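Here is a short report for a reader meeting this model for the first time. Take a look at the sequence and the structure before reading on.

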Number of protein chains: 6
Amino acid sequence: MQLQLCTWAEVEAYLHKGPKAILMPIGSTEQHGPNGLIGTDAICAEVIAKAIGAADGAMVAPTIAVGMAVHHMEFAGSMTLRPSTLIAVIRDCVMSLAEHGFERFFFINGHGGNIPSIRAAFYEVHAENRACRGGNAPDLRCALANWWENEAVGRLSKELFPGVEGSHATPSEVSLTQYAYPEAIKHVSMSPQVAPGGGFHDARDFRRRFPDGRIGSDPSLARPEHGQRLLEAAARSIAGQFKEFVAEA
Amino acid sequence: MQLQLCTWAEVEAYLHKGPKAILMPIGSTEQHGPNGLIGTDAICAEVIAKAIGAADGAMVAPTIAVGMAVHHMEFAGSMTLRPSTLIAVIRDCVMSLAEHGFERFFFINGHGGNIPSIRAAFYEVHAENRACRGGNAPDLRCALANWWENEAVGRLSKELFPGVEGSHATPSEVSLTQYAYPEAIKHVSMSPQVAPGGGFHDARDFRRRFPDGRIGSDPSLARPEHGQRLLEAAARSIAGQFKEFVAEA
Amino acid sequence: MQLQLCTWAEVEAYLHKGPKAILMPIGSTEQHGPNGLIGTDAICAEVIAKAIGAADGAMVAPTIAVGMAVHHMEFAGSMTLRPSTLIAVIRDCVMSLAEHGFERFFFINGHGGNIPSIRAAFYEVHAENRACRGGNAPDLRCALANWWENEAVGRLSKELFPGVEGSHATPSEVSLTQYAYPEAIKHVSMSPQVAPGGGFHDARDFRRRFPDGRIGSDPSLARPEHGQRLLEAAARSIAGQFKEFVAEA
Amino acid sequence: MQLQLCTWAEVEAYLHKGPKAILMPIGSTEQHGPNGLIGTDAICAEVIAKAIGAADGAMVAPTIAVGMAVHHMEFAGSMTLRPSTLIAVIRDCVMSLAEHGFERFFFINGHGGNIPSIRAAFYEVHAENRACRGGNAPDLRCALANWWENEAVGRLSKELFPGVEGSHATPSEVSLTQYAYPEAIKHVSMSPQVAPGGGFHDARDFRRRFPDGRIGSDPSLARPEHGQRLLEAAARSIAGQFKEFVAEA
Amino acid sequence: MQLQLCTWAEVEAYLHKGPKAILMPIGSTEQHGPNGLIGTDAICAEVIAKAIGAADGAMVAPTIAVGMAVHHMEFAGSMTLRPSTLIAVIRDCVMSLAEHGFERFFFINGHGGNIPSIRAAFYEVHAENRACRGGNAPDLRCALANWWENEAVGRLSKELFPGVEGSHATPSEVSLTQYAYPEAIKHVSMSPQVAPGGGFHDARDFRRRFPDGRIGSDPSLARPEHGQRLLEAAARSIAGQFKEFVAEA
Amino acid sequence: MQLQLCTWAEVEAYLHKGPKAILMPIGSTEQHGPNGLIGTDAICAEVIAKAIGAADGAMVAPTIAVGMAVHHMEFAGSMTLRPSTLIAVIRDCVMSLAEHGFERFFFINGHGGNIPSIRAAFYEVHAENRACRGGNAPDLRCALANWWENEAVGRLSKELFPGVEGSHATPSEVSLTQYAYPEAIKHVSMSPQVAPGGGFHDARDFRRRFPDGRIGSDPSLARPEHGQRLLEAAARSIAGQFKEFVAEA
Ligand code: NI
Ligand code: NI
Ligand code: NI
Ligand code: NI
Ligand code: NI
Ligand code: NI
């Protein structure tokens, strides 16, 4: 179930009958190399969340599409919230769903750069909940699953793109978006074929080290059919994590 | 062109060749009566923005899906940002696009409750731009179009739903979402057929006055084919406003 | 009754005996063309609020004299709060009066540029009230009246200054301040006699389009005796709105 | 010269011809005992600032009427900004005047509780000025004069109200407001005649220790003619401090 | 007792048996002239607080080592929090200790520049406590002792360094740090022997007036044995103030 | 070199002669089980940072002693900054050191709960640096080393406390503090000997699952001599990381 496609009465019924849990897709809007879409991270998080929601009836919140991408700002089209703004957004989203009785918030994340802000936001939520409600505060729980960090996706990425998955603008994420938006598949040559790897600091440093935006990857290998397999693997695996999260004592 | 479906190089090319303008859809995630979707306002803004972008090649930013809906919080599923958070989100979005050279930001808004925060954010942007850049600040311009506020849509709404358009959970916006998401059309009886009209104060007051969430409307008259006509009217009309905005000296 | 001229015991008595309502004048401190005072908007809001308070015994809060005037900052002497600051000011003012039992806050506004921040602040108040007090939150209501937006003032402006009222540094507001501060009437020639009209974006754009600060107006026609009539019309009309607001179920 | 009663061209001329200095009255809106006005501190700061401005042609900014009065919140009618809000207000006011070229900001303060926020704000201004402008930052200077803290006023208070001046709701400040607003003189009996003295902590503690709001004072001795003398003594003395501040190398 | 060196069970026991009071040392990290340590103010506050804690069993919180030193920023190594940040830090520290039942917060301060932020923070605490907890808010009390502002220390400084104590980088504070950190005694010649005195505005102004960082002092006279005497005098005197604070009705 | 024990001239010399790098210890003030000190995380970070600074002459900033410990707030004595406050503190500390020319900030962290806020703060720094300085922004770099996350410490922990290191209140960290503060070694029996392991959500959940504060550990095995070995291993290993960070192109 997608929250956006429900009526309020349907949400009320959902809250009455079952686990007061919700999937929260969160991505980013930032450069993803020569053939990757700017919306890659938001798209990946969204399609996986929707797949899980479709399969097991879990509620899916609207995607937080703009995340923390300060380090991508030397590439046209990248958008970023300051970490402090992103924390406020997550806090407000969680707190407003909590007003209706939601108690379990499972974030499906498409972007490594969001992780610190998301985790910081969880504690901002707990702090505010405690400050405002004291002893009467509801027991809120938040969890975070990065879609690429599970055994199934890791194995499949390695099988499909051995040694060239890299860490940004990866063939896996590009494949997934190709499957989701076949009309937006880009045919772009890139050189070197495999981008240099490594870490980085701020946006200028990123651009200096990774002039076309990729890190350690060869996304020219991306294919929509690989994307489908990755989506299925991710959805199955993360659905399991979500079930455990909801069942947790 | 959808920003999310472009590569960074495509965005760079867009900025080189033409008006440095972008469409910014912004909606809300809030109750819309017995048969209206929670995502109504975000969906309306998004489909209209995409229609304009498709028709005339304008860039479309990702939709800001959660807006300012404090007054809807007594209905399950409604989400809200505090006005101060929404202002920060808009400021960050505009400022990061401005770093790449975008200079014209045209917000297509789906929700009346967002208007004050959007307009306040425009001045927060101007203040920050001036404080940080002084004499070197770029000339940024922001504009706001509420999709229902134009002559074409007004006339059509009146023709299709004479006297029962109301002001929240209107048959027009419900129709538009029915056209966009036919799989999510809800068949719900509602009573009275036409909801009471009027103003309201906070969330509890809203619920007291408008127990099923509608204000002055009869959205049982919504039909996807009406939605299609409304979408076309809105897109055509707002595309014209956008063109004027871009052409403005 | 002016809050500033009461003792605390008088305020306590006021709250016991009658409607827990208060008039909140809010203006701006910004250029008003060649012969308009920088304090025009604050003065107009204040004298109208005091006139209403004097006539029907309503409590009048101190004037918020500096508002949101980011777009006037290219003219010497203009002061502005950032929208986020103004929202915090309004929130704090309302919340502290609410601690004493005030429940109805009627803002009399002298400046169009304040409107978004004021309306955003109302929802910031409702959000905070709800977050902090939950089920025990008092029923706070806020309303906004722009002094020039009522039938009586509109008719009179049209009669006194046909076609040259404009939208900033208007002969109406200048007249009103001339009546309030006859010692500060300025005799300044201006050219063209009627300023160009139209919209604007940021402060530099404003100055470029409206080099002497006026928009569409001919304030050389301002006269204190017109100001008196405008004040009386505004006070009568807005007093009626206030009465309705207080009486509202 | 009062900023509110100038045109922008007059402010521009003021800045061209003389010291780029401005008087900034700041007060509070809070209980002042049985016969003291809620606006006492704002009124005192304002009338003294205007007297100085009238005497030596210095520019006077609009009064910041609501200050930091958290500790008075158990008495009806008291209003307060949070310290963080007041700091933001002062920062915005100073920074916007600095945009026009003002460089010397002389605060005339009517309320002890404002002092920490004002002084903290001065450094917030310096920090922001430095962060935003770096090496090009103008040399801004801020100073604070509490109207009752000078030899002349101290001596006169002691002469007029020996041993019963106290520290809140003092006969001196009440006299000054009686002179400024003779129509608002209150005739209220109070007991004990001299209020208990001492310190306090939060608002509840304040009310417990000082049940009618006075601290150590006998404001029943207040007289408008004493107020006149106090006003003259304060204006003369503070005008001197201001002159020194402006002349300072 | 040092909080950092206790277990949580020991803190719990402390709260059960005695006054729910805690000493909060707060300093600064800023230049202190040619032979003064950058940590002078933090060191002074910390060693005095620990001495009091050791003598009478009072709990001592960890030192807030970085304070408000915007005006020292033209000297290498100086660190500063913005006033608004420092206020947030103090608020969070006090509020989290209050959650465990602490009710008396006694700040021992080593830096004049912190005073406004500390005092502002006390009211931020009271405001938040009141907003979040309403009638159930605990009775929190905060007090501030500047270590050099008491009769005993004043007398001793005058005796040891007659006429050359000055107001920044004083021989007293340098002595105290020499006693605390004999391994960090610096032998630096300075000229003139006694620094010029006076006030200052922002950081550049400070450096211009006081090129080596000292104000009115001759810290070449500092000696560790003087530091020991000053420490003992300060600890004894402030322990007395603390006892009174705790005993206060 | 400890910043606190330097003069400003020494810091200036340090910046002239060598890498403009600084070690930033950051810990937490929170319960650490039955025999662990509340200051454990701050102490560990500090002693390791000082050891590295002593060995290779690197500058060491003062320790940020209170971190993000919202989840420990059900245990007496725990203190926490909200994530948003901690981010502001780190931003201010880094930005003020950057004003003097520091360009490499190496955080040595003692507390897992700080990681998100620290990493978020790094991007807040980059965002602010970019916003305020644009093309002139210095190239700032920040890195984070959690003292327990390196091969040497991991191997030693496993050797000394096989299977009972756990994840909070570990025998390793307790040992390290015992070595640093032998006078504060606690002899407390605990049961069960090895604490239950696992994750947790908010503070109440933490206490419910881990009633004495430990997670998965047996800190009764802590010994000061183990602490010495751990300190040496950590210092050696992290000094290497720091060297690489400074040398990085
Ligand atoms: Ni990605
Ligand atoms: Ni709608
Ligand atoms: Ni006006
Ligand atoms: Ni007063
Ligand atoms: Ni000092
Ligand atoms: Ni630890």
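How many salt bridges does the rule find across the interface of chain D and chain C? The rule finds two. In one of them, Lys186(D) pairs with Glu10(C), and the closest N and O atoms are 2.8 Å apart. Keep in mind that this is a predicted model.

## The interface of chain D and chain C

Start with the contacts. On one side, 49 residues of chain D take part; they are in contact with 50 residues of chain C. The area buried between the two chains is about 3,900 Å². Carbon and sulfur atoms give 64% of that area. Three residues lead on the side of chain D: Gln4(D), Leu5(D) and Trp8(D). They supply 19% of the area that chain D buries against chain C, more than any other three residues.

Polar contacts also cross this interface. The rule finds 22 residue pairs in polar contact, both residues at pLDDT 80 or more. Which elements give two or more residues to the side of chain D that touches chain C? They are α1 (8–17), α2 (40–56) and α3 (83–99) of chain D. The largest share comes from α3(D), with nine residues. By residue type, this side of chain D divides into 25 nonpolar, 14 polar and ten charged residues.

Some chains stay apart. Chain B and chain E have no contact, and their closest C-alpha atoms lie 17 Å apart. Chain C and chain F do not touch either; their nearest C-alpha atoms are 17 Å apart.

## Two helices of chain A

Now turn to chain A. Helix α3(A) covers residues 83–99, which makes 17 residues. From its first C-alpha to its last, α3(A) reaches 24 Å, close to the 24 Å expected at 1.5 Å a residue. Of its 17 residues, 15 are buried, so α3(A) is largely enclosed by the rest of the structure. Gly101(A) follows this helix and has a positive phi, near 110°.

Helix α4(A) covers residues 115–133. Its 19 residues should span 27 Å at 1.5 Å a residue, and its end C-alpha atoms are 27 Å apart, which agrees. Is α4(A) mostly covered or mostly uncovered? It is mostly covered, with 16 of its 19 residues buried. Just after α4(A) comes Gly134(A), with a positive phi of about 55°.

## Two buried residues in other chains

Where is His168(B) found? It sits in the loop between α5 (151–160) and α6 (171–180) of chain B. His168(B) has 7% relative accessibility, so it counts as buried. Leaving out residues up to four places away in sequence, His168(B) touches a list of residues that includes Glu30(B), His32(B), His72(B), Phe206(B) and Arg214(B).

In chain C, Ala88(C) belongs to helix α3, residues 83–99. Ala88(C) is buried, with a relative accessible area of 15%. Its C-alpha atom is separated by 9.3 Å from that of Val125(C), 37 residues apart along the chain.

## Salt bridges

Side chains of opposite charge can pair when their charged atoms come close. Over all chains, a search of the whole structure finds 102 salt bridges. The table lists some of them.

| Residue | Partner | N to O distance |
|---|---|---|
| Lys186(D) | Glu10(C) | 2.8 Å |
| Arg208(A) | Asp205(A) | 3.4 Å |
| Arg214(A) | Asp212(A) | 2.8 Å |
| Arg214(F) | Asp212(F) | 2.8 Å |

Take the pair of Arg208(A) and Asp205(A). Both lie in helix α7 (residues 203–209) of chain A, three residues apart, about one turn of the helix. Asp205(A), by contrast, counts as buried at 2%.

Arg214(A) and Asp212(A) are both buried. In chain F, Asp212(F) is buried with a relative accessible area of 17%, and Arg214(F) counts as buried at 0% relative accessibility.

Note on methods. Residues are numbered from 1 along each chain as its sequence is written. Chains are lettered from A and ligands numbered from 1 in the order in which they are written. This is a predicted model: local features need pLDDT of at least 70, side-chain atom pairs count only at pLDDT 80 or more; totals for chains, interfaces and linings use all residues. Side-chain values use heavy atoms; hydrogens and water are left out. Contact means heavy atoms within 4.5 Å. Buried area is the accessible area (1.4 Å probe) that two parts lose on being put together, summed over both. A salt bridge is a side-chain nitrogen of Lys or Arg within 4 Å of a carboxyl oxygen of Asp or Glu. A polar contact is a pair of N or O atoms within 3.5 Å; within protein, one must be able to donate a hydrogen and the other to accept it, and residues adjacent in sequence count only if both atoms are side-chain atoms. Helices (H or I, at least four residues) and strands (E, at least two) are DSSP runs, numbered from the N terminus. Ala, Val, Leu, Ile, Met, Phe, Trp, Tyr, Cys and Pro count as nonpolar, Asp, Glu, Lys and Arg as charged, and the others, Gly among them, as polar. The expected span of a helix is 1.5 Å times one less than its number of residues. Buried means under 20% relative accessible area, exposed over 50%, partly exposed in between (1.4 Å probe, protein chains only).
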